[in-house]
Amino acid sequence: MLNDRRSHGLWEETAPPAPGSEPLLKDAAADVVVVGAGYTGLSAALHLAEAGRSVVVLEANEVGFGGAGRNVGLINAGMWVMPDDLPAELGEVHGERLLQLLGNGPKAVMQLIDKHGIDCELERNGTLHCAAGTEGLRELRQRAEQWQRRGAPVELLDAAQTAKHVGSRAYSGSLLDRRAGTLQPLAYVRGLAHAAVRAGVVLHTGSPVVAAERADNGWKVSANGASVTASWIVVATDAYSTGPWETVRSEQVHLPYFNLATQPLDASLLASILPGREGVWDTKEILSSFRLDKAGRLVFGSVGALRNSGTSIHKGWARRSLRRLFPQLGELAFEHEWHGRIGMTVNALPRFHRFATNVVGFSGYNGRGIAPGTVFGRVLARHILGELSEEDLPLPLTEPQKAPYRRMKEAYYEAGAQAAHVVGERF
């Protein structure tokens, strides 16, 4: 994407094309202007258009350019934090409301895929959160108990059961979440764009917003020397925010994350490695994730950026790590490599902001963008339609606040991941 093979890697090569679009070059008007063509923005646009509202989407680059087109493709339920920590952090009402919304998030994604016939390699067999050692297993036991208390279909697996699902004896156990699954993330977001356009949404790519000003009939949003006037603005730019809502970027610490994809595995390997095609990630502080794509490629990722010395360091570590996990793989060749940025908030929870009257947005997904982005987009649509008041939203209203020591932390994360991966898996 944008002539950078390390921006979207495998996903760019295997995703169906996005709908045709052009930059905003002349003035327009709509009921709602959505800024950002990722999961949140396109979900909001789609649901608004289906309710009869006129919508214009302005995207600075291309559909799915940010985290939506680069991530691992795990459709997870909930957030990184423990379920019981949400009510403790947000209050009982918002905490339980958010848990219910995000717990049902994967189901909402799958229903949307089915409804609109989105071709995105959907797998519905769940995800496995794998325990590294006794501490990891203790964490998963707590997480399982807290979700099960809320009626979620999650199951704690022992080491032998985990080995059967994963094809590796590296883990002391795992949490199988049957609500979850995997998909091709860029294909999914492009599918949302096609559905939105069919519903009547006007999509403009190559249109970075430079200003948003009050107008007689609401707001005037400017890009490329032209403008869209609208009553409402949905800010859906999240970790890649620039321009008028760069404040969204400043309240997040960027965590670099890379993915590498092998050549398609042969049938004998696929019979032993993730035979159920679940998505996997582990409990390590510098975590790893892996899953299979439709063609049988093993997609393996971890914290780090594929640039400068990081490229060779992270690829070398990945080969060593995969040899330990799956000795049957033998010598490995990576067909694709790419990386992006995860926006982390101070408490690892998302935010709802009202930037001004009728200017709203959710952000801060902390590496859980697929299901939260989709359902938060629907929530924003319902809010604009008058179906949900501000008091009924799943998150309380907060003001954007700069993350302390943001630049220092970002440099530390990138350098720290390299340092860990230099020595990792050597002993």
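User: Hi! How far apart are the end C-alpha atoms of helix H4 (residues 92–103)?
Analyst: In this predicted model, they are 16 Å apart.

User: Nice. And which residues of H4 are buried?
Analyst: His94, Gly95, Leu98, Leu99, Leu101, Leu102 and Gly103 are buried.

User: What covers them?
Analyst: The cover includes helix H3 (85–90), helix H5 (105–116), H6 and helix H12 (370–384).

User: Where does H6 pack?
Analyst: Helix H6 (residues 133–148) packs on the sheet, where it touches E5, E6 and E7. Its direction makes about 155° with that of E6.

User: Okay, on to that sheet. What is the strand order?
Analyst: It is an open sheet of eight strands, ordered E6-E7-E5-E15-E16-E17-E14-E18, and the pairing is mixed.

User: Which strands stand at the edges?
Analyst: Those are strand E6 (154–158) and strand E18 (334–344). Each has a single partner strand, so one side of each has no neighbour in the sheet.

User: How much are neighbouring strands turned against each other?
Analyst: By 20° on average, ignoring direction.

User: In what sense do E5 and E7 pair, parallel or antiparallel?
Analyst: Antiparallel: strand E5 (residues 127–131) and strand E7 (residues 173–177) are joined over five bridges. As one example, Cys130 has Ser174 in E7 as its bridge partner.

User: Last one: which strands does helix H11 lie across?
Analyst: Helix H11 (residues 310–325) lies across strand E14 (253–262), strand E16 (288–292), strand E17 (298–303) and E18. The helix runs at about 120° to E17.

Key: Residues are numbered from 1 along each chain as its sequence is written. This is a predicted model: local features need pLDDT of at least 70, side-chain atom pairs count only at pLDDT 80 or more; totals for chains, interfaces and linings use all residues. Side-chain values use heavy atoms; hydrogens and water are left out. Two strands pair if DSSP finds at least two bridges between them. Helices (H or I, at least four residues) and strands (E, at least two) are DSSP runs, numbered from the N terminus. Axes are lines fitted to C-alpha atoms, for helices over the stretch in contact, and angles run from 0 to 180 degrees between N-to-C directions. Contact means heavy atoms within 4.5 Å. The expected span of a helix is 1.5 Å times one less than its number of residues. Buried means under 20% relative accessible area, exposed over 50%, partly exposed in between (1.4 Å probe, protein chains only).
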